[in-house]
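Visitor: Hi, could you walk me through the aromatic residues and the core of this one?
Guide: Happy to, let's bring it up.

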Amino acid sequence: MAVALLCMLNVAHVQAQYIGSGTSAFAFLDLPASSRLNALGGTNVSVRDGEISMAMCNPALLGVMTDKVLELNYAYYLPGTMFGSALYGHNFGRSKIELHPDEPDKPNYFAAGIHFLSYGNMKYADSQGNLTGGTFSAQDILIDIMYARQLGRQFTVGVTLKPVMSFYESYSAFALGADVGAHFQTKDSTLQVGLTLQNIGWQLKGFYSDEGGQVREMLPLNLQIGLNYRFKHAPIRLGMTIHNMQQWNLSYENTNLLADESADIKWHDMLFRHTIFFLDIVPKSERFYLTISYNHRRRAEMNLKDQASMAGLAIGAGVRIYKFRLGFALSQATKSNFTYQASIALDINSLLK
């Protein structure tokens, strides 16, 4: 399976060129960091409900409820691969309550996390696919250092510093990136709006050099805006996220063909490839949630012709049990492979009471 995965990656690199995006590295940054994000379609910048992993998409989603929260995440993609993360939040600072009684007592929000993706052990082979003996490994590592500041009761801004490292056999690369984000919510939190610019940065050390010297690629820049509305008298939240606003064309060009297949994509299809829709069922107690989402880009790129699949759809659920939050999500990339993602979070504040 490891050999098959490596071949798939090589074939994708040779046959497909991402139109409009230029050259970018560290595509694993687009993977959902938790079951909650997976269930919401892979990314979300507007839902602020105490899930610390949401700040991976927008640092302004840190808040009062992420203080002293430890979260662990694990995802299963293919046999032999491992994707996991650990995050911890801590709030600090004091607001002048006598002057601003509506502001939080600790308006400075901080969090740090580490994310690890291992592709497993792969076998050496020549250009014809003949095994030559021995194995090698490949890993991606991301570190997140996040800070957010509450400005009044309704507005929050945040920034993330993110060192990124990749180690593929004898090749390695290092990059430094950043996210900036903002979040607004009405006083009753029924309407929430988020905006973020992710992955601002480039490689400081590239995988290889050419006649011009070190080749440094950019990170996969992603400008996103999202909103959601929670009904006052029903346990329902509806929302949408618009991603990759910095570029219109999200199609792939098959460089093995003379014709450009992207020309066949209608404007309304391309428009919806930028959009993710989701529905949350969340009671006022917030003891559990049930989520379903639709990501049209996933559907358009991963759906197999003449074969039924749920590509583009994702479902997830979470529950609070004692001092823990448990979450699980399921999504499908291809007909035979599902992604399973699980999360567990511990509120350390509740242990100290």
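**Rings, core and a buried arginine**

Guide: Phe 26, Tyr 119, Tyr 168 and Phe 207 form one aromatic cluster. This is a predicted model, where local features need pLDDT of at least 70 and side-chain atom pairs count only at pLDDT 80 or more, while totals for chains, interfaces and linings use all residues. Residues are numbered from 1 along each chain as its sequence is written, and side-chain values use heavy atoms, with hydrogens and water left out.

Visitor: How many aromatic pairs are there in the whole structure?
Guide: The search finds 10. Rings of Phe, Tyr and Trp (its six-membered ring) pair if their centres lie within 6.5 Å; planes under 30 degrees apart are stacked, over 60 edge-to-face, and the rest tilted. One of the pairs is Tyr 77 with Phe 83, which is tilted, at 6.1 Å centre to centre and 55 degrees between the planes.

Visitor: Are Tyr 77 and Phe 83 buried or exposed?
Guide: Tyr 77 is buried at 19% relative accessibility, and Phe 83 is buried at 4%. Buried means under 20% relative accessible area, exposed over 50%, and partly exposed in between (1.4 Å probe, protein chains only).

Visitor: And why is the pair of Phe 272 and Phe 277 called tilted?
Guide: Because their planes are at 45 degrees, with ring centres 6.3 Å apart. Phe 272 is partly exposed at 39%, and Phe 277 is partly exposed at 34%.

Visitor: Switching to the core: which residues touch the most other members in the largest nonpolar one?
Guide: Phe 26, Phe 28, Leu 29, Leu 62 and Val 164, out of 38 residues. A nonpolar core is a set of buried Ala, Val, Leu, Ile, Met, Phe, Trp, Tyr and Cys residues joined through side-chain atoms within 4.5 Å.

Visitor: What does Leu 62 touch?
Guide: Leaving out residues up to four places away in sequence, its contacts (heavy atoms within 4.5 Å) include Ile 52, Tyr 109, Phe 110 and Met 146.

Visitor: Where is Arg 237?
Guide: Arg 237 is in strand β12, residues 236–242. Strands are DSSP runs (E, at least two residues), numbered from the N terminus. Arg 237 counts as buried, at 4% relative accessibility.

Visitor: Which side chain has a polar contact with that of Arg 237?
Guide: Asn 228, at 3.4 Å. A polar contact is a pair of N or O atoms within 3.5 Å; within protein, one must be able to donate a hydrogen and the other to accept it, and residues adjacent in sequence count only if both atoms are side-chain atoms.

Note on methods
Helices (H or I, at least four residues) and strands (E, at least two) are DSSP runs, numbered from the N terminus.
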